[in-house]
Amino acid sequence: MPPNPPLDTAYWQQRYEIGQTGWDAGAITPPLREYFNQLGLPDGRRILIPGAGRSYEAEYLHDAGWPNVLVADLAPAALAALQARVPGFPAAHLLLADFFALESVPPFDLIVEQTFFCALDPALRPAYARQCAQLLRPGGTLVGLLFDTEFAPAGPPFGGSREEYRAYFEPYFDFAHFTAATNSLPPRQGRELFICLKKKDR
Ligand SMILES: C[S@@+](CC[C@H](N)C(=O)[O-])C[C@H]1O[C@@H](n2cnc3c(N)ncnc32)[C@H](O)[C@@H]1O
């Protein structure tokens, strides 16, 4: 059965308006900060952060000099928060859009996942993996964190296991990392997988 209420724009916008944003870490999380720090010098790589929320990750990359960071979110309040904190973030890179409707041209080099996958109706998980693959160039990377734990049935968040997730991504990606995160935020410790998946060439 689909979630009730539907997890649509109105639902997410209201979560921001009433301040029910328990997922919001208030800063970039250590696993993503470490990953970004080893990417090397900023260049033209196209980076997408879908379901970005207030997107401290986009802020971090922007401040580090990465010019092609795009964020996508259904909720205007999420994008407005990033714009207010980082007025220099290019307005054209704030996509008020459904991830599943994003265009794959030009393709992305990197997609960043954090508490977006777990926010979706679990029935959309195969489509999430497929859309990530469609948006990436061959060899492109999907990096981020997935919860490897169960939550109360009435999500979001919706939990799951690495065995379940593996089946969604295997058709499209080679697995560089798919292991327990070692540097999660304290409330998430022992409950997150760090994933770094490379889109297959064919
Ligand atoms: C749990 S929040 C996570 C936000 C952010 N990633 C973070 O870690 O703070 C999920 C976000 O995904 C957005 N969202 C949900 N469904 C979406 C969709 N189909 N396309 C784009 N954004 C979506 C929501 O508006 C919300 O901002």
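**View 1. Composition of the ligand shell.** The shell around the ligand comprises 12 nonpolar, four polar and four charged residues; here Ala, Val, Leu, Ile, Met, Phe, Trp, Tyr, Cys and Pro count as nonpolar, Asp, Glu, Lys and Arg as charged, and the others, Gly among them, as polar. The model is predicted: local features need pLDDT of at least 70, side-chain atom pairs count only at pLDDT 80 or more, and totals for chains, interfaces and linings use all residues. Residues are numbered from 1 along each chain as its sequence is written.

**View 2. Residues closest to the ligand.** The ligand is surrounded by 20 residues, a residue being near a molecule if its C-beta atom, placed from the backbone, lies within 6 Å of it. The closest are Trp 12, Gly 51, Gly 53, Ala 75 and Phe 99.

**View 3. The largest nonpolar core.** This core holds 46 residues; a nonpolar core is a set of buried Ala, Val, Leu, Ile, Met, Phe, Trp, Tyr and Cys residues joined through C-beta atoms within 7 Å. Ile 47, Ala 58, Val 71, Ile 111, Cys 132 and Leu 142 touch the most other members. In the chain, 35% of the 202 residues are buried (20 or more other C-beta atoms, placed from the backbone, within 10 Å of the residue's own).

**View 4. Surroundings of Ala 58.** Neighbours within four places in sequence are left aside. Ala 58 is then in contact with Ile 49, Ala 52, Val 69, Val 71, Leu 82 and Phe 89, contact requiring C-beta atoms, placed from the backbone, within 7 Å.

Methods. Buried ≥ 20, exposed ≤ 12 C-beta atoms within 10 Å, placed from the backbone. Contact = placed C-beta atoms within 7 Å.
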